[in-house]
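Notebook open, model loaded. I'll jot down what I look up as I go, one residue or element at a time.

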Amino acid sequence: ALRACDVLVLPYDESAYRYRVSVVLAEAVALGCVVVTPDLPVLRDQVLQPQRVGVVYPERAALIDGVQAALALAGAAETDAAFAAHRAARSVDALVKVISRMGTA
């Protein structure tokens, strides 16, 4: 189902996702789906790092604006490169490099 979506809106509750990652968000991005989510610390990093693959909105009143921005992002030429950068940064090879640096200082 996610593969068929251009944009996915995840209006998560702050109390549940303040410091949690979203596996649904990660899967959607891996499949090339632009996401819209609340501006919460971990979700913000998932969406904006290493490149922007979605939109974070500061409050519920801004949700519609976030969806409109995501629709524009879904059609933008640079979005494919952002998804590629996102997948590369979260790949097995990238994870192995991070783990191999742990404990060395």
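I started with T37 and listed its contacts, skipping neighbours within four places in sequence: L10, Y12, L25, L43, V47, V55, V56 and Y57. This is a predicted model, so everything below is read from a prediction. T37 is found in strand β2. Buried or exposed, I wondered about T37? T37 has 0% relative accessibility, so it counts as buried; the cut-off for that is under 20%.

**L25, from the other side**

Not counting residues up to four places away in sequence, L25 touches L10, V35, T37, L43, Q46 and V47. I then checked the largest nonpolar core, which has 26 residues. Which of them touch the most other members? They are L8, L25 and V35. As for where this core comes from, β1, α2, β2, α3, β3, α4 (63–74) and α5 (79–89) each supply at least two residues.

**The sheet**

I traced the strands next. Three of them form an open sheet, ordered β1-β2-β3, with parallel pairing. The edges are β1 (7–9) and β3 (54–57), each of which pairs on one side only. Neighbouring strands here are turned by 15° against each other on average, ignoring direction. I also went through the pairing of β2 (residues 34–38) with β3: parallel, over four bridges. In that pairing P38 stands opposite Y57 of β3.

**Helices on the sheet**

Which strands does α2 lie across? Helix α2 (residues 23–30) lies across β1 and β2, and I noted an angle of about 155° to β2. Helix α3 (residues 41–48) lies across β2 and β3, running at about 155° to β3.

**R90**

I moved on to the loop between α5 and α6, where R90 sits. R90 has 43% relative accessibility, so I put it down as partly exposed. With neighbours within four places in sequence left aside, R90 is in contact with D45, Q46, Q49 and P50. What lies 2.8 Å from a polar atom of the R90 side chain? It is the backbone oxygen of Q49. I also looked up R90 against A30: they are 60 residues apart along the chain, and their C-alpha atoms are separated by 9.4 Å.

Why do I call α6 (residues 92–101) largely open? Of its ten residues the number buried is one, so α6 lies largely in the open. After α6 comes G103, and its phi is positive, near 85°.

**Whole chain**

I finished by zooming out. The protein chain has six helices and three strands, in the sequence pattern β-α-α-β-α-β-α-α-α. Of its 105 residues, 33% count as buried. For contacts with a separation of 6 or more, I noted that residues 24 or more positions apart account for 54%. The C-alpha trace spans about 45 × 35 × 25 Å along its principal axes. For the radius of gyration I have 14 Å; a compact globule with 105 residues would be near 13 Å, so the chain agrees with that.

How values were computed: Residues numbered from 1 in each chain as written. Predicted model: local features only at pLDDT ≥ 70, side-chain atom pairs only at ≥ 80, totals over all residues. Heavy atoms only, no water. Buried < 20%, exposed > 50% of the residue type's maximum accessible area, 1.4 Å probe, protein only. Pairing = 2+ DSSP bridges. Axes fitted to C-alpha atoms, helices over the stretch in contact; angles between N-to-C directions. Contact = heavy atoms within 4.5 Å. Core = buried A, V, L, I, M, F, W, Y, C linked by side-chain atoms within 4.5 Å. Polar contact = N/O pair within 3.5 Å; in protein donor to acceptor, adjacent residues only side chain to side chain. Rg over C-alpha atoms; globule rule 2.2 N^0.38 Å.
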